[in-house]
Amino acid sequence: HQALQWKANQGTLTLETMLKISAITDVSLFVGFTDQIAALEMPILSAASANTITTNATDAAGFFFDTAMTADTFWLAGVKNDTDGTHVNSTIAPVADTWIRLVVKLDSSGNATGLINGNVVGTVANAVTATVALTPVIAMFRRAASSATIQVDYINVIASRA
């Protein structure tokens with residue numbers, strides 16, 4: 001993890017990455033920003049009931065893919081001061097061992113916009129508290145005993161200054 005040094009209110013905050021997952025069964029992945037660095041928990045993941053979520057972070061926003069969701073696709077989600085935003089189904093599923101580009105943008109008010117392979121797939125209003133310090137994160141765990149890997153080609157984090 002990084003230090004908590006990025007704030008949405010400093011200007012548009014962007015995390016861009018290109019990654020691929022070796023297997024897309026029994027897996028949970030999060031790509032985005034979180035205020036959580038002390039505990040090793042996924043910031044946002046499936047609650048394992050229909051398409052509901054669990055948020056372990058107080059403030060976080062990003063994409064998650066979790067096969068415990070009814071819809072096995074990338075979802076854009078946010079949690080602002082322990083209040084979950086409305087998560088958005090991108091309807092785009094990852095393909096095993098295939099590169100995908102994910103971009104999470106936070107505007108200066110804390111709204112999140114997600115792009116997959118250059119296309120906007122959704123926005124979450126009031127996704128994070130704009131004044132809370134965040135860190136970028138890519139996290140994955142397996143929901144089964146078999147192994148899987150994530151390969152990250154690059155991570156680019158940018159804060160536009162007003």
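This is a predicted model: local features need pLDDT of at least 70, side-chain atom pairs count only at pLDDT 80 or more; totals for chains, interfaces and linings use all residues.
Residues are numbered from 1 along each chain as its sequence is written, and side-chain values use heavy atoms, with hydrogens and water left out.

Strands here are DSSP runs of E with at least two residues, numbered from the N terminus. Two strands pair if DSSP finds at least two bridges between them. Strand β1 is antiparallel to β9, to which seven bridges join it; in this pairing threonine 14 has lysine 105 of β9 as its bridge partner. Strand β1 also pairs with strand β13 (residues 150-159), again in the antiparallel sense, over nine bridges. There, methionine 18 stands opposite tyrosine 154.

Buried means under 20% relative accessible area, exposed over 50%, and partly exposed in between, with a 1.4 Å probe and protein chains only. Eight of the nine residues of β1 are buried, so the strand is largely enclosed by the rest of the structure. Lysine 20 lies in this strand and is buried, at a relative accessible area of 15%. Leaving aside residues up to four places away in sequence, lysine 20 touches Asp97, Thr98, Trp99, Thr149, Ile150 and Gln151, where contact means heavy atoms within 4.5 Å.

Strands β10 and β11 form a hairpin with two residues between them, and asparagine 117 in the turn has a positive phi of about 50°. The two strands run antiparallel and are joined by five bridges. Alanine 112 is placed opposite valine 124 in β11.

A nonpolar core is a set of buried Ala, Val, Leu, Ile, Met, Phe, Trp, Tyr and Cys residues joined through side-chain atoms within 4.5 Å. The largest one has 28 residues, of which Phe63, Phe74, Leu102 and Leu106 touch the most other members. Among the elements that give two or more residues to this core are β1, β9, β10 and β11. Another core, of 14 residues, lies apart from it and includes Phe30 and Ala139.

A pocket is an open set of points on a 1 Å grid where a 1.4 Å probe fits, with protein on both sides within 12 Å along at least five of seven lines; lining residues have an atom within 4 Å of a point. Twelve residues line the largest pocket, and Gln36, Ala39, Leu40, Glu41 and Val137 lie nearest its centre. Strand β12 (residues 135-142) gives the most to this lining, with three residues.

Technical notes:
Helices (H or I, at least four residues) and strands (E, at least two) are DSSP runs, numbered from the N terminus.
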